[in-house]
Amino acid sequence: MEINLSSVGMEKGRQYETVITTLSPEGKRNAAPIGVICTGKDSIICRIFKGSTTLENIISQKEFTVNITENPQLFTLSTIDNLPETYFDENNSIKNIESYFKCEVTDLIEAVKRSDPIKSDSKAIVIKAKVTSHVINKNIKAINRAMGLLIETLVNFTRIDMVDEKQQEYYLGRFREAKRVINKVGSKEEQKAIHEIKKELIKKRVFTLIFNYINKFKVYTVK
């Protein structure tokens with residue numbers, strides 16, 4: 001069967017939220033939520049900071065499994081702690097997962113993005129990989145954060161005229177972060193939508209709060 005990641009809704013150039021499972025040289029399984037970018041019908045890249053178990057295992061084994069799921073518990077448990085051994089299948093995928101694909105590493109590139117919101121001296125590794133097999137147990141679309149952020153931004157937009165200045169500043173801060181993420185991982189339609197919201201916010205003149213906040217911050221840092 002020809003491998004084509006579009007079968008789980010993955011489009012070239014977009015980032016998706018997944019749970020990556022890896023195996024250590026000692027045979028210990030590990031799971032972690034990792035965003036992956038689709039670079040072709042059978043290729044992906046992801047960026048992981050040094051020091052993580054996932055990265056160590058990928059460097060060691062040169063392979064990993066990408067699990068596609070909508071299960072909030074799997075994302076939560078793999079974030080706050082490793083999944084219990086009983087959650088893993090023999091082939092190192094997650095048991096009863098909606099879909100998964102196996103990857104072989106084709107390149108490892110050391111890289112740090114200056115625009116990264118994480119201010120750290122830690123180095124990151126960009127992992128390029130080829131998909132070698134793909135299993136779909138249930139119809140599913142890989143999760144992209146953009147739509148959820150857009151909906152949340154629209155909810156805040158409807159309330160911004162009904163709250164005090166402090167809450168407006170909070171909403172604007174949320175808008176800036178949503179705009180950053182949507183421009184990074186969203187589709188052209190979602191990017192256009194967040195730009196439309198920005199234009200409406202400017203019309204409401206609430207963006208003056210951002211400029212006031214920035215100016216206050218600059219004065220504070222000078223002192």
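Which residue forms a salt bridge with Arg29? The legends below take this pair and some others in turn.

**View 1. Arg29 and Glu85 form a salt bridge.** The partner of Arg29 is Glu85, and their closest N and O atoms are 2.6 Å apart, where a salt bridge is a side-chain nitrogen of Lys or Arg within 4 Å of a carboxyl oxygen of Asp or Glu. The pair links distant parts of the chain, 56 residues apart, with Arg29 in strand S2 and Glu85 in the loop between helix H2 (72-80) and strand S5 (99-111); helices (H or I, at least four residues) and strands (E, at least two) are DSSP runs, numbered from the N terminus. Arg29 counts as buried because its relative accessibility is 17%, whereas Glu85, at 47%, counts as partly exposed (buried means under 20% relative accessible area, exposed over 50%, partly exposed in between, with a 1.4 Å probe and protein chains only).

**View 2. Lys41 and Glu2 meet in a salt bridge through their side chains.** The N to O distance is 2.5 Å. Lys41 is partly exposed at 42% relative accessibility, while Glu2 is exposed at 58%.

**View 3. Glu177 and Arg180 pair within helix H4 (residues 165-185).** Their side chains meet in a salt bridge (2.7 Å, N to O), and the two residues lie 3 residues apart, about one turn of the helix.

**View 4. Glu11, Arg14 and Glu190 are linked in a network of salt bridges.** The whole structure holds 9 salt bridges.

This is a predicted model, in which local features need pLDDT of at least 70 and side-chain atom pairs count only at pLDDT 80 or more, while totals for chains, interfaces and linings use all residues. Residues are numbered from 1 along each chain as its sequence is written, and side-chain values use heavy atoms, with hydrogens and water left out.
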